Amino acid sequence: MLNWQNIDAVIFDMDGTLVDSMQYWRDLPINLFQTNGVPMPNNLEKLLASADLWQAAEVFAQQFIPQLTTQQIFDQLQQEMDAHYAQDIPLLPGVRQLLKALQQNGKKMCIATMTDRPQVETMLHSQQLESIFDFLLTTPEVGSGKNQPDIFLQACQRFGLPKQRVAVFEDSRTAAKTVLKLGMPLVFIYDEKSPLAEMQALAEEYQTSLTLIKTYAELNLPE
């Protein structure tokens, strides 16, 4: 379990880590294809494995919906998700209590996400969390996905802290592997499909802290 005495700051992913939004993201391309009368391709998950929203819109425009431009598709997808973040995407159970505990204990916090900044800001406003986080980083702004270390290293630089003192909360296998290879303490929110043996092997190989939880009720809060 994570030793909070060794942690000065926390990097949070957003979707699937702070908010219960993954089903909305899974439904997003389905709604797009249905609206435009295009059958869903079988290999879509593989095509979009590490894509941000703009990259996904490029794939849709180039390969499946050529009657729309990338910008038109991107705008449509952004508007749909923005409405969900504003209206019906909740925080995961236990998140608000964790954030409050971290704030009371003087821990610095940021969000590092693949989601575009306008949607992150909509979520923070709807959940009244604008004052909680020191800053936001997004992979579109950083210029590389979470299969690369850039966004995590930039967060550490912004905090002014060594990476060993910064914990990362993630639910993505790709991001988790990057974090462990950096030697950063990781809290991995897993489900039945998560490769736990692989995570544990990486943590041992890179000699870093790995905490596995299904829900925040399992996590010890800082005191």
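In this predicted model, helix α3 (residues 53-64) packs on helix α4 (residues 70-87) at an angle of about 130°, with the two axes 8 Å apart. Axes here are lines fitted to C-alpha atoms, for helices over the stretch in contact, and angles run from 0 to 180 degrees between N-to-C directions; helices (H or I, at least four residues) and strands (E, at least two) are DSSP runs numbered from the N terminus. The two helices α3 and α4 are therefore oblique to each other, given that angles under 35 degrees count as roughly parallel, over 145 as roughly antiparallel, 65 to 115 as roughly perpendicular and the rest as oblique. The crossing of α3 past α4 is right-handed, a crossing being left-handed if the near helix is turned anticlockwise from the far one by less than a right angle, and right-handed if clockwise.

On the α3 side, Leu53, Trp54, Ala57, Glu58, Phe60 and Ala61 meet Thr70, Gln71, Ile73, Phe74, Leu77 and Gln78 of α4, where contact means heavy atoms within 4.5 Å. By class, this contact of α3 with α4 has eight nonpolar, three polar and one charged residues; Ala, Val, Leu, Ile, Met, Phe, Trp, Tyr, Cys and Pro count as nonpolar, Asp, Glu, Lys and Arg as charged, and the others, Gly among them, as polar.

A further helix pair is formed by α9 (residues 173-182) and α10, whose axes come within 9 Å and cross at roughly 15°, which makes α9 roughly parallel to α10. Arg173, Ala176, Lys177, Leu180 and Lys181 of α9 make the contact with Glu198, Met199, Leu202 and Ala203 of α10, and by class it has five nonpolar, no polar and four charged residues.

| Helix pair | Angle | Axis distance |
|---|---|---|
| α3 and α4 | about 130° | 8 Å |
| α9 and α10 | roughly 15° | within 9 Å |

Six strands form an open, parallel sheet in the order β3-β2-β1-β4-β5-β6, two strands being paired if DSSP finds at least two bridges between them. β3 (135-138) and β6 (210-213) stand at the edges with a single partner strand each, so one side of each is left without a neighbour in the sheet. Within the sheet, β1 (residues 9-12) is joined to the parallel β2 (residues 108-113) by four bridges, and Ile11 stands opposite Cys110 in β2. Helix α6 (residues 117-126) lies across β2 and β3, at about 145° to β3, while α10 (residues 196-205) lies across β5 (186-189) and β6, at about 160° to β6.

Along its principal axes, the C-alpha trace of the protein spans about 55 × 40 × 30 Å.

Residues are numbered from 1 along each chain as its sequence is written. Because the model is predicted, local features need pLDDT of at least 70 and side-chain atom pairs count only at pLDDT 80 or more, whereas totals for chains, interfaces and linings use all residues, and side-chain values use heavy atoms, with hydrogens and water left out.
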